[in-house]
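Keep the 3D view open and click along as you read.

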Amino acid sequence: MSRNILSLDFYGGEITAALAALDEETSTLRLRHVLRRPTRAFSGAFVRDMQGAQEEISAVFSEISQYVSIDPSVVIGLRGNFLSFKRASGFNTVDSRNKIIGEREMQSAIKNSIPPNLSETLDVVDILPQTYTIEGNTGIKNPKGLMGLTLEVETFLSCALVTHLNNLYNALAASGCSEYQVLPTGIALGETLARPEERQAGVLVLDIGQNAVSALMYHKDALMDAWELPFGRDAIAQAVADLLQNDLETAREVLKDYEPGTDDIMDDVLEDAAAKLLQDIKKELLRSLLFLSYPPTRLVLCGEAADKNLLKTAKQIFGVRKARLASFDDLIADCPADEPVYCGAVSLLMHTLEREQKRLGVAQTKETGLLDGLLDKLGLSELF
């Protein structure tokens, strides 16, 4: 048996998408098609023009329809500064006959990590469990099958403004898409691109797009903080325009055709412009007490702006010991899916499948309650 899965990543000034076929017998994922389209109707996942949003999403589905005969499962990747993130904890008393912890107890603890005083203007779109504690024994990754009377879980919550979410949902519905799962793209990037040893050492995952940045920070294998910043590669173009006394469009054209190393003066201009962008990013991250308390020692760079020159500058700006460009190991693809701009769309596919296989966490689905949609999909709803 095989099924098709489509991810849509609302990526700054673009929509990127990846279509994959999953062989369920071997759990093999093959990427069949990727695409990127400039968008004027969206800024990240924020809808600026409802009619334009419907037309742009419909155009994506039209192109994808050439590669599939049956509607694929759809994963929607959220980006934008209408997202917010929070570490939380949940508690559950184990009441099973033998005091053995099962999926019911795990999911109940995860559900209880949602703060009761969460603002009505926010909707929880993702709950990612970090570690569990059983009767004071901490650091447990998977408590299923263990015995204990009390179970606690540390989680990472992703929230979004309800009004912006509803506008996106309306645009998807108008485009004929009625069933889908919603995940923050940044979470998928961090969970798929950061290696276990990097997460343990402390790593910053930085995805820089045209006019948006997604960032995540890990420390001792735990997701500590995340950010969505409303500026990106265009800031480099603007700095180049200012330095060369050109307009922004001219600077974009110059950068599009320029090969680093062919002009020393231009190389210096680019380095100064990139340094300014990275310093602005660091300035925003330094507002987080967690970033100040646990500064990362490693860096993983991805996204449209990712290249070796930017990586070198980023390593210096953030003062990390090791830095690398992101890559997907053993990627099976019939298309050029390894380009940096597709990192988000590909990571959404991989992270979604990993969560399904491991029954990990809770993500929001269309037209169901926060928990019910995913629990139904996993066959767990009867446990509540």
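## Starting at the end of a helix

Let's begin with Ala 174, which is partly exposed, with a relative accessible area of 40%. Ala 174 sits in helix 3, which covers residues 162-174. Before going further, keep in mind that this is a predicted model.

Now try a distance from there. Pick the C-alpha atoms of Ala 174 and Gln 210: these two residues are 36 apart along the chain, and their C-alpha atoms are separated by 27 Å.

Is strand 6 largely enclosed or largely open? Five of the six residues in strand 6 (residues 73-78) are buried, so the rest of the structure largely encloses this strand.

Strand 6 has partners to look at, too. Strand 1 pairs with strand 6 in the parallel sense, over five bridges, and in that pairing Leu 6 stands opposite Val 74 of strand 6. Strand 6 also pairs with strand 11 (residues 181-184), again in the parallel sense, and here the count is four bridges. In this second pairing, look for Gly 77, which stands opposite Leu 183 in strand 11.

## Salt bridges that span the chain

How many salt bridges does the structure hold? The count is 17. A few of them are worth a click.

Take Glu 356 and Arg 3, which form a salt bridge with their closest N and O atoms 2.5 Å apart. This pair ties together distant parts of the chain, 353 residues apart: Glu 356 belongs to helix 11 (residues 343-358) and Arg 3 to strand 1 (residues 2-11). Glu 356 counts as buried because its relative accessible area is 18%. Next up are Arg 324 and Glu 198, whose side chains meet in a salt bridge at 2.7 Å, N to O. They also link distant parts of the chain, with Arg 324 in strand 16 (residues 322-325) and Glu 198 in helix 5 (residues 196-201), 126 residues apart. Arg 324 is buried, at a relative accessible area of 13%, and Glu 198 is buried as well, at 6%.

There's a network to find as well: salt bridges link Glu 14, Arg 36, Arg 233 and Glu 304.

Lys 144 forms a salt bridge with Glu 103, and the closest N and O atoms are 3.0 Å apart. The two residues are 41 apart and join distant parts of the chain: Lys 144 is in the loop between strand 9 (137-140) and strand 10 (150-161), while Glu 103 is in helix 2 (residues 103-111). Which of the two is buried, and which is partly exposed? Lys 144 is partly exposed, with a relative accessible area of 47%, whereas Glu 103 counts as buried at 16%.

The buried residues of helix 2 include Glu 105, Met 106 and Gln 107, along with Ser 108, Ala 109 and Ile 110.

What kind of charge gathers on the surface around Asp 268? It's negative: Asp 263, Asp 264, Asp 268, Glu 271 and Asp 272 come together in one patch. Asp 268 lies in helix 8, which runs over residues 264-285. At 45% relative accessibility, Asp 268 counts as partly exposed.

The other patch is nonpolar. Leu 243, Leu 244 and Val 254 make up this surface patch of about 220 Å². You'll find Leu 244 in helix 6 (residues 233-244), and Leu 244 counts as partly exposed because its relative accessibility is 32%.

One last stop: Asp 247, in the loop between helix 6 and helix 7 (248-257). Asp 247 is partly exposed, with a relative accessible area of 45%.

Methods
Residues are numbered from 1 along each chain as its sequence is written. This is a predicted model: local features need pLDDT of at least 70, side-chain atom pairs count only at pLDDT 80 or more; totals for chains, interfaces and linings use all residues. Side-chain values use heavy atoms; hydrogens and water are left out. Patches are made of residues with over 30% relative accessible area and no salt bridge: like charges are joined within 9 Å, nonpolar side chains (Val, Leu, Ile, Met, Phe, Trp, Tyr) within 5 Å. Accessible areas come from the Shrake-Rupley method with a 1.4 Å probe; for residues, only the protein chains shown count as cover. A salt bridge is a side-chain nitrogen of Lys or Arg within 4 Å of a carboxyl oxygen of Asp or Glu. Lys and Arg count as positive and Asp and Glu as negative; His and the chain ends are not counted. The place of a charge is taken as NZ of Lys, CZ of Arg, CG of Asp or CD of Glu. Buried means under 20% relative accessible area, exposed over 50%, partly exposed in between (1.4 Å probe, protein chains only). Two strands pair if DSSP finds at least two bridges between them.
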